[in-house]
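Here is a short note to read alongside the model. Keep the sequence open and follow the points in order.

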Amino acid sequence: MKKAVVIFAIFIVLIGIFAQCSVKASEDVIDEETQSKIIEIKDNQAKSLEDYKVKYGTDAYGLVAYILNLVRIYSIPFCFLGIAIGAIHQYIIGIRKLDTLEKGMGLIVTFVTILIICQVLPLAFAVFVKFGRG
């Protein structure tokens with residue numbers, strides 16, 4: 001019971017610290033160069049979304065294609081990091097602990113599967129929309 005109370009108190013303190021930092025960060029003024037870069041990035045993303053909407057014909061299909069493209073792009077570093085963690089568990093820590101060896105292999109298989117799904121899903125969606133809508 002004491003451990004739970006201590007963990008809860010630490011959690012509340014961390015939330016308070018992060019909330020204070022976020023309030024302080026939002027009060028800071030963004031300089032013009034940073035603000036112009038943010039606006040440029042926002043405009044590029046909005047244009048890209050509009051291009052997908054025009055390419056796929058409807059807003060729903062365009063939005064789904066845009067999201068799937070973002071998932072495809074951002075899944076690569078995430079999955080490589082997961083594969084690296086799995087390899088560390090299997091080949092470095094797993095030498096001494098056999099349960100960690102199995103955990104590492106499970107992580108590698110999981111992240112490779114996620115990577116393949118995230119890379120093939122936009123292609124499958126494009127084929128479905130192109131040929132399935134008729």
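Is Lys37 buried, partly exposed or exposed? Lys37 is partly exposed, with a relative accessible area of 48%. Buried means under 20% relative accessible area, exposed means over 50%, and partly exposed lies in between (1.4 Å probe, protein chains only).

1. **Ground rules.** This is a predicted model, so local features need pLDDT of at least 70 and side-chain atom pairs count only at pLDDT 80 or more, while totals for chains, interfaces and linings use all residues. Residues are numbered from 1 along each chain as its sequence is written, and side-chain values use heavy atoms, with hydrogens and water left out.

2. **Helix 2.** Helices are DSSP runs (H or I, at least four residues), numbered from the N terminus. Helix 2 covers residues 32–56, which is 25 residues. The expected span of a helix is 1.5 Å times one less than its number of residues. For helix 2 that gives 36 Å, and its end C-alpha atoms are 36 Å apart, so the two agree. Just after helix 2, Gly57 takes a positive phi of about 95°.

3. **The buried side.** Leu49, Tyr52, Lys53 and Tyr56 of helix 2 are buried. The buried residues of helix 2 pack against helix 3 (59–92) and helix 4 (98–132); contact here means heavy atoms within 4.5 Å.

4. **Salt bridges.** A salt bridge is a side-chain nitrogen of Lys or Arg within 4 Å of a carboxyl oxygen of Asp or Glu. The count comes to three.
   - Lys37 pairs with Glu33 at 3.5 Å, N to O. They are four residues apart in helix 2, so about one helical turn separates them.
   - Lys47 pairs with Asp51 at 3.4 Å, N to O. These two are also four residues apart in helix 2, about one helical turn. Lys47 is exposed at 53% relative accessibility, and Asp51 is partly exposed at 41%.
   - Lys53 pairs with Glu50, with the closest N and O atoms 4.0 Å apart. They lie three residues apart in helix 2, about one turn. Lys53 is buried, whereas Glu50 is partly exposed at 44%.

5. **Cysteines.** A disulfide is a covalent bond between the sulfur atoms of two cysteines. The cut-off used here is a pair of cysteine sulfur atoms within 2.5 Å. How many disulfides does a search of the whole structure find? It finds zero. Cys79 is in no disulfide. Cys79 is buried at 0% relative accessible area, and Cys118 is buried at 15%.
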